[in-house]
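Here are my notes for you, as someone new to this one. Have a look at the model first, then read on.

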Amino acid sequence: MPDSAFSDANTPDSDAHRPGDIVELGRWKCQVIGRIPKEFGVNELYHCRNAGDQEQRHHLGLKYFKFDYAAAMAEEGHRVFQHIRQALIPIGVPDILIFHDRYQLIEFIEGYNLYQFAAEHDGLTIGQIHAIALQVSNQLSTCMELGVLHNDVKPSNVMTSVEHIDLPKPWRPQQSRLIDWDIARFVDDASGQFFGAAPYMSPEKVLRRLHRTSDLFAFGITILELLCNKRYHLNCHDIMWFPDRPEQLEQFERERVAGTWLKSDAFAHAEKCLIERDANDVTMATQLLTFFKMCTKQNPDDRPQTGKEMRQILTDTGI
């Protein structure tokens, strides 16, 4: 079980750690391996080795909240995570071991986030993307059943060990996991303070409403982004309208609410190009494109409502 928040007497003096430093957090003793690059988020994250004898977790992540607003959001997110923790851990979601108003200690997931991998390795194969879709949709369906939204689904918040992910069954392990639950919220949250990255935001979230399928919209766009990379000579920005600068946010909101953010002609061309260029994976490519279309329906009631529906789309060979 994770430790609860504890007194300032146990708070480390500095977050400017160097490799080899030992940081003691309650019953946990961590040796710093290195700092995670800043593109992983606005907070400060360190990769640590378990220097104590607690449980079997050998690698840990130590996150410091750099701003008060980030800490306040994460405190509520932690409360929500605890509500569904017992359902998420068995399906691969990394645990939060300690939460404090200044930092948290989490289970570290080795591998790449999808944004990082796509940038460094010329994208993912159709088979890899398909496996990721199945694994993450399983985690999202569990959240839907429990009435919780992750609220920040995007490529950089999915960690995967892609070098193993397209091995033939039954040797393929559960490798892709949703990380960063700092802004998770209950679907019936009535605060009106809804967060998330703008390009992945569903139409109802733009209107300050939540729906149990709002995360699916973001995941659908994530899937299309993985499909649209230089490996397939496609460009996601040519298919969908995204805000590139803060001053474009109002235009983005109008496009998203009006349902005109998807450029239908360009998408039809991309669909044809994608399937033709990967003839060996036509079935999986078609399933993934159908999954994108279904998850990004303008009306949230028209999106898949259960994990069974998501799996059916991703495994239906008669599409």
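1. Start at Met240: skipping neighbours within four places in sequence, its contacts (heavy atoms within 4.5 Å) are Ile221, Leu224, Trp261, Leu262, Lys263 and Phe292. Bear in mind that this is a predicted model, where local features need pLDDT of at least 70, side-chain atom pairs count only at pLDDT 80 or more, and totals for chains, interfaces and linings use all residues. Numbering runs from 1 along each chain as its sequence is written, and side-chain values use heavy atoms, with hydrogens and water left out.

2. Met240 is also among the residues with the most contacts inside the largest nonpolar core, together with Trp181, Ile223, Leu224 and Leu227; this core has 60 residues. A nonpolar core here is a set of buried Ala, Val, Leu, Ile, Met, Phe, Trp, Tyr and Cys residues joined through side-chain atoms within 4.5 Å. Buried means under 20% relative accessible area and exposed over 50% (1.4 Å probe, protein chains only).

3. Elements giving two or more residues to this core include α3 (126-146), α6 (214-227) and α9 (264-277); helices are DSSP runs of H or I, at least four residues, numbered from the N terminus. The most comes from α6, with nine residues.

4. A second, separate core has 14 residues, including Val23, Cys48, Tyr103 and Leu105.

5. Which residues of α9 are buried? They are Phe267, Ala270, Cys273 and Leu274. These cover an arc of only 125 degrees around the axis, so they sit on the same side of α9 (the arc is taken from the directions from the helix axis to the C-beta atoms). They pack against α3, α6, α7 and α10.

6. The face of α9 turned away from its buried side carries exposed residues: Ser264, Asp265, His269, Lys272 and Glu276.
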